[in-house]
Amino acid sequence: MLMSRLERATEFVSKPVVRKLWTVSFIVFFLCFVIVPTLFVLTYAFTNWGLIQDEVIQDPEIMSQIWTAIGNSFEIAAIVTIIDILVGLPMAWILVRKKFRGKELLDTLIDMPLAVPTAALGFSAAIFWGITPADLTNPLGLKIVSSPFILIILLHIIFSYPYMVRSLAAILEQIDQTFETAGQTLGASKLTAVRTITLPLFRAGLVTGIILCFARSLSETGGTVAALATISNVDFNTAPTLIDSLKSTPALAFTSIVLIILALVLLVIVAIIVKKVHIPFRKVWPRPEKILSRGLSPKLKDATSVLFLVFIVLIPSFFVFTFVFTSEPSTTADWSEFGQSLINSFFIAGVVTVIDLAFGIPLALYIAKNRSKWLPETLDILVNVPLIVPTVALGFSLKLFWTGGTPVTGPFAIFLVMLAHIAFTYPLMVRNVTGAVEEIDPTYEETARTLGAKPVQGFRRVLFPMIKASILAGAIMAFTRSLGETGATRAISTTVLTAPNYIVNLIKLDNDYYTAALACIIVIVISFGLMLALRYLTRRRKGAI
Amino acid sequence: MPEVSLKNITMRFGKVVAVDEVDLTIHDGEYVTILGPSGCGKTTLIRVIAGILEPTQGEVHIAGKSMKGVPIEERDLGYVFQNIALFPHMTVKMNAAYGPTVKDRPMEEREQTARKYLEMVKLLDKMSMFPSELCGGEQQKASLARALATGAKLLLLDEPLSALDARVRVDLRYELRRITKNLGLTVVHVTHDQEEAMSVSDRIVVMRAGGIVESGTPEQLYTRPRDVFTANFVGETNLLEGWVKERHEGGSWIELRDNSVIMVESCDPQVGEAVVVSVRPEFVFPFTDGLLSRIEYLTYLGTFSRVSARSQSDDLVEFDVPSIEGKLYHPGQEVHLMFNRKAAVVYPRPIEGVSEAVKLE
Amino acid sequence: MPVVKLQGIVKQYGNIKASDGVDLEVRNGEYLCLLGPTGAGKTTILRIISGLTKPDHGSVLFDGKPMDKVEPEDRRAVMLSQTYALFPQLTVAENILFGPDIRQYEEEVKERTLADMLDLVRLTHRPDAFPSELSGGMMQRTALARALASGASVLLLDEPLRALDARLRISLRHEVRSLAKSMGITTIHVTHDQDEALVMADRIAVIREGKVVQVGLPGEVFDNPATPFVANFVGQSNFFVGEVEEKKESTSIRGDSGQVVLARPCEQRLGEKVVVGVKVGNTEVHKEGEGYFDGTVERILFEGRNIYLDVDVPGLGRYSSKIPSWRLGRLSVGDRVKINWSADKATVFTMPPEGLEKELRVE
């Protein structure tokens, strides 16, 4: 019997031994290249405790700097998260429950901040809101914010908003609307029904949204650095910007360690509280709630949500476009350097995405299909760790892991930057694909098996077509995330020039605002083009199934 | 005063007309079932009554008042959903007490009401459990108690038993009727199961493709359906195609495809008209004389067996025999079949053909 | 076509025993219905036969060969699930040819198989439709065609008619059985609907709480139930509790309140506490004449072909009788009637240890 090569390959891959080996290999990859390097810096506390003690803890000036910065970061993250919840919830409602023309447009708009690298966002937001120094001609900006604290909050809201809205919308979609309708048939007004029935069912989505938002704000480096530089502020620091400016390894290590531990602890506490706290609803106010459910109130609520989106999130993000038209062109720009930085960014993002696909999809499948076993469950939790760890600390930890702290240059530096980017984009890929696979009825693949298909054939012919769009979404998410990342890149090596780094340097070191703005625009347009591609492809999937 | 009145209700979803100019009146205290195949518009209609859907055209009146612009929560009705929809984060008791709770009634009243209705459906011992701990039938009973606890006089049931096992359905439907009759409620019950409809209803409304086919008591629809679709949908029947040969008061002759003739007692269509005769299997008898047919197969049905035969007139004819006699018949055998002339109903032959007219989906 | 044999199958999920020592043999080309309430463990058995679930103990044999090392894709036991699981991005034709494609049949063979299948399930006019465009009945037939085209030798149907309208189910019962029989394929059909099982099966296996309670021809399971549960689950039954008083050509049983009823000859001893079961279709209700006890007609339920009479017998509870509609005669609600049955239609069961009510419970 002649077997074709494909058949033989299929036979080989389906052997239980080979399958076990394959499983082991990507788990090992995950642990060695993602988890361990991310958390490695924690071991520094044990290996070099003496150094830390001498150089950091005994130095009151550095200590106060560190604690102030960390305090700022956590305060900002908390405020941003709370605001996001308050404005994100009504918007999630509009997205999931309401039908109207232009809903697709709204859907796209909400994701737009994700397409913009945070360095560009930081610059754009700063010139929109902030009071900028004299050498920055900026006729159109609002110029109402002088406090760096408030500016950073406004900035962080912009890029954490999509995370919150998406997490809430994802859970809301899964909650059967029949529950609310049932509440109404029992006499509850819309508001009462939502408050007493739907919201309590929301907790999982709320926890995810809070964790993603908080962690994102805590992590943020590029935009914060750019924004602070734009308003010429040198005194204010968040933890990531502090890490960005620190030079001594023990100080860096200490700050990173504290940041990581506090973030992990806080988020675990939040997860527990939100899951356990029972919002009693014994008290119902029929009349007021009825009034709020109808007429003007809901329309007002919706209008406010949309206005918030437009004025607080979208306009500041794209303000940089107007800047270019209203200020004088600069003559000192080195466009070849910019071009090189773009190429670097795209190259790194491309390689990172490919590796994420190759190693992320198998892990996602493994987790999604083995929900009841301890190893996949543990891996599922671990996958979220790199998302919580501030990327600048992650970058530092990774460098420590691979090089022991010595400076790096050249191709090895680029390689390390890639590893760092893999660390925080890999979870995005895995989460996306795991979520997609879990939504699909396992009966499809099981039926395929009983029809004679081996598991790998079942995957190729049945499961893969159904999750194609989600895989693509994960890939584009990883790509744009890598493209926009600043903190981790700078933590590893300031010599590696990525586009966001280039922009930050223009602002911080050269004060060349015009070129920075132009560079921002170019990066925004490219990233936005990719986002549109994502929308088009995922929309096609909804049509086919 | 009629409890529910629907006038000229039309419901359009884009190009699809789900409900097409339906008029329906349901009287106070009546148990009406809307029966029809999937997609006939019955669920849409009950949602229009509840206010979950606003009709594209037409008016809904409940207890004499127009329901235009009246939101769901103010229509004072109980609704039981097909997928049960018990609030998963609340106990059975809290679910049952939800109606009084959202009207902000005092705590003791909430407690009492919940207990009263849970006892009526015999779930008092499970009131501290969560919905996920109950089995299907119990969940649906809890859902019923919750709907009743609002004190509403109008109860809407949206395929309440479809998700349950066959055996559980049989037990639960008697309870549905018993409890609602005891409370004097007006009930609108939607289902695709004709056996269910016949066992619970005062009146059945048969729907198909967005419109009402006919309405009547279970006995009327079973023994003398006015439409051939109803004849085939409510219960099973034999359909024989032919022409009216002779027509008299008290007895008419119908000529079948092979020129053999059967006699029926009443016949509306005129002589020469193409007709289809409906006779239920229990009214067809093997005899020494009659329509010659060849047995194709037998189906065992417990207390009796159904014999399926193809007549000389090329119609599929089925008749029932007691199971013990089942051995007397076998495939290939020829039998003569007699039809109870009182039980036969004659309809004009539908233009689209009989199989199209009685199509189930 | 293989003989499928299950020996001592045990499968536990946490505290629940989905299968508790199942022994079953399905004959070559047989159409066997696995009948039981939801949660009885029927789907688990199907999954174990197909290889999708591995039993904790016990073995599955096809033609005497143990299947524990054989993967689902090699067992040729095709599963048709309740939701049909038609691959949404493939057309009807592509779905049907999924099995032949995997097994790499030759083109002419595939074409012929497709044409035959489309013809068999009456879908010749819709080969290029997508599952989302099909009605419930059409999806079911496509799924069936796909299963039959795969060249499987065992057909596993998991409540194949459940998702369809009641009236449609009745029409399709005969069709599904004919299709399976025409291919000669060994079929195991899982259902909770006893009407369906009675109509479609060569043999019925009644399952409850993970155990096979009775296996036999439909007539046997209906007329000679092994336990009160089977007596009431396959067809409805009335029950009378008492002690065996006399054993002659028929058995006499005396109840607590003194009534005496007759039943078939039985194995139970004199004085033993027993339960007598009689199908509602065999329970006679008369205004005059003989009867074991009297009662009042509580309710008359018209169900089309049949009428259910509920009679309230003081001290004994409710007795139901199922009679053809035209035999109702002059009976009406409130009439005093006598309940009777012939001895050879009543079965004697040992009193179930947990009591009659628990024994009869369906959920």
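How many Å separate the centres of domain 1 of chain B and domain 2 of chain B, taken over C-alpha atoms? Taken that way, the two centres are 39 Å apart. The legends below take you through this predicted model view by view.

**View 1. The two domains of chain B.** Chain B splits into domain 1, covering 4-228, and domain 2, covering 238-353. As you look from one domain of chain B to the other, keep in mind the 39 Å between their C-alpha centres.

**View 2. Chain B as a whole.** Here you can follow the C-alpha trace of chain B, which spans about 75 × 45 × 35 Å along its principal axes. Ten helices and 20 strands make up the secondary structure of chain B. Of the 361 residues in chain B, 50% are buried. If you count the contacts in chain B with a separation of 6 or more, 65% of them join residues 24 or more positions apart.

**View 3. Where chain B meets chain C.** This contact draws on 31 residues from chain B and 32 residues from chain C. On the side of chain B that touches chain C, at least two residues each come from helix 5 (136-148), helix 6 (166-183), helix 7 (194-200), helix 8 (218-223) and strand 16 (291-300) of chain B. Helix 7 of chain B is the one to look for, as it gives the most to this side, with four residues. Sorted by class, the side of chain B that touches chain C holds twelve nonpolar, eleven polar and eight charged residues.

**View 4. Where chain A meets chain C.** Chain C also touches chain A: 18 residues of chain C are in contact with 16 residues of chain A. Which elements give two or more residues to the side of chain A that touches chain C? They are helix 22 (443-450) and helix 23 (455-484) of chain A. Helix 22 of chain A gives the most to this side, with six residues. By class, you will find seven nonpolar, five polar and four charged residues on the side of chain A that touches chain C.

Definitions and conventions
Residues are numbered from 1 along each chain as its sequence is written. Chains are lettered from A and ligands numbered from 1 in the order in which they are written. This is a predicted model: local features need pLDDT of at least 70, side-chain atom pairs count only at pLDDT 80 or more; totals for chains, interfaces and linings use all residues. Two residues are in contact if their C-beta atoms, placed from the backbone, lie within 7 Å. Ala, Val, Leu, Ile, Met, Phe, Trp, Tyr, Cys and Pro count as nonpolar, Asp, Glu, Lys and Arg as charged, and the others, Gly among them, as polar. Domain bounds come from an automatic or database domain assignment. A residue is buried if 20 or more other C-beta atoms lie within 10 Å of its own, exposed if 12 or fewer, and partly exposed in between; C-beta atoms are placed from the backbone.
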